[in-house]
Amino acid sequence: MPPIEVHVGGCYTAGRRRRPVPRDEARRLLTSGMRACTHCKPDAQLRTLD
């Protein structure tokens, strides 16, 4: 299955099906339009907010 949302490591809403990615890839995914978790806010932590 393709990813649907980006989470910070340890986020309780990530569920069981997850795959760790490097920070650069997470930034790329967020800037390409992938949804950021509204609970752990990876976009704020990676400073990719608009």
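Modeller: A residue is called buried when its relative accessible area is under 20%, exposed when it is over 50%, and partly exposed in between (1.4 Å probe, protein chains only). The model discussed here is predicted: local features need pLDDT of at least 70, side-chain atom pairs count only at pLDDT 80 or more, and totals for chains, interfaces and linings use all residues. Residues are numbered from 1 along each chain as its sequence is written, and side-chain values use heavy atoms, with hydrogens and water left out.

Biologist: Why is Asp24 called exposed?

Modeller: The relative accessibility of Asp24 is 59%. The definition asks for over 50%, so Asp24 counts as exposed.

Biologist: What makes Asp24 and Arg27 a salt bridge?

Modeller: The term requires a side-chain nitrogen of Lys or Arg within 4 Å of a carboxyl oxygen of Asp or Glu. The closest N and O atoms of Asp24 and Arg27 are 3.5 Å apart, so the pair meets the definition. In general, side chains of opposite charge can pair when their charged atoms come close.

Biologist: How far apart are Asp24 and Arg27 along helix H1?

Modeller: They are three residues apart in H1, which separates them by about one helical turn. A helix here is a DSSP run of H or I with at least four residues, a strand is a run of E with at least two, and both are numbered from the N terminus. Arg27 has a relative accessible area of 30%, and is therefore partly exposed.

Biologist: How do you know on which side of H1 its buried residues lie?

Modeller: In H1 (residues 23-31), Ala26, Leu29 and Leu30 are buried. They cover an arc of only 95 degrees around the axis, which puts them on the same side of H1; the arc is that of the directions from the helix axis to the C-beta atoms. The face turned away from this buried side carries the exposed residues Asp24 and Thr31.

Biologist: What do the buried residues of H1 pack against?

Modeller: They pack against strand E1 (5-6), strand E2 (35-36) and helix H2 (42-45). Contact means heavy atoms within 4.5 Å. H1 is followed by Gly33, whose phi is positive, near 110 degrees.

Biologist: Why is the chain called as compact as a globular protein of its length?

Modeller: The chain has two helices and two strands, in the pattern β-α-β-α along the sequence. Its radius of gyration is 10 Å, close to the 10 Å that the globule rule gives for 50 residues, so the description applies. The radius is taken over C-alpha atoms, and the rule is 2.2 Å times the number of residues to the power 0.38. Buried residues make up 26% of the 50 residues.
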